[in-house]
Amino acid sequence: MTDVCVLGAGLIGGSLLRVLGPDRAFGWNRSTPGAEAATAAGFHVSTDLADTLRRAARTDALVVVGVPLPALGAVLDAVAEHAPGAALTDVVSVKGPVLAAVRERGLGARFVGGHPMAGTADSGWAATDPDLFRGATWLVAADDDADPDTWSRVARMAVDCGARVVSSTSADHDAAVARISHLGHVVAEALASAGARGGDLSLALAAGSFRDGTRVAATAPDLVRAICEPNRDALVTVLDECLADLTAARDSLAGEGTLGALVDEGHRARRAYERAQAVRADAAVSVTPGAPGWLADLRAAGAAGREVRPAD
């Protein structure tokens, strides 16, 4: 039951504060209204970053960076100045750039990246939910220099939040989320735009498939850019694949009156996703952080989509 210091009390960071509770977690928020709202709810959230980090250093709290990527550098600079030896993780949606920024500041010795696969189109303290992570998957990175103690602390925190832990390298994570998260944002924006171009009648007729397909287009544009653009290389690769699929379907429809293979392939892929979700109840793989081969074991389990937990 380690103390946790959350930097950023928005949707993810604030929900983390809520589920851990004020006896275990405290934090910082850049904006005064957000900090005041969290304080009014009974949490110890300050706008003084240096003081918050000094408290984290004194208590050996696990520091969780929960700010958007554009604000990451300034926050890590403060960590390097006021809590350079702290155990450190993050909840940013892309892992490679975070890992690089952490290493550039000499903070890699006790850093393990993280990403809870949970969220909504809303943001800020008002959107926080103590049940946000329940049943969600939480990526806890298994990079070559991962600190075993920090990995264990991050994984146990995720489990305490009701999440299931999956592990991989930061690079493998970024390649995966380009396919199952970032592409979805781009496609949702395109679908929403296509509907709006149809005018009032199109929007009046829009029902479930349009609503579900455009849900994440309600996310603030600046946040979408902060989520997707740092993963440019992986996202461009996946966009190229998607555009090739759509072009083939368009050409087949125009020339032969059929959508071709896309519908069958998409149906099979959706069923595969449903089967993958159904096996999530399988027993977790137990790993002893720091034991010989522990990182390889984490990566193998992650590649198979298996949940992992630190051994008791």
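Modeller: Two strands pair if DSSP finds at least two bridges between them, with strands (E, at least two residues) and helices (H or I, at least four) being DSSP runs numbered from the N terminus. This is a predicted model, where local features need pLDDT of at least 70, side-chain atom pairs count only at pLDDT 80 or more, and totals for chains, interfaces and linings use all residues. Residues are numbered from 1 along each chain as its sequence is written, and side-chain values use heavy atoms, leaving out hydrogens and water.

Biologist: Thanks! How do you know that S6 and S7 pair?

Modeller: DSSP must find at least two bridges, and 3 bridges join these antiparallel strands, so S6 and S7 pair. They belong to an open sheet of 3 strands in the order S6-S7-S8, with mixed pairing.

Biologist: What makes S6 and strand S8 (164–166) edge strands?

Modeller: Each of them pairs on one side only.

Biologist: Why is the pair of Phe 43 and Trp 125 called edge-to-face?

Modeller: Rings of Phe, Tyr and Trp (its six-membered ring) pair if their centres lie within 6.5 Å; planes under 30 degrees apart count as stacked, over 60 as edge-to-face and the rest as tilted. Here the centres are 5.6 Å apart and the planes make 65 degrees, so the pair is edge-to-face.
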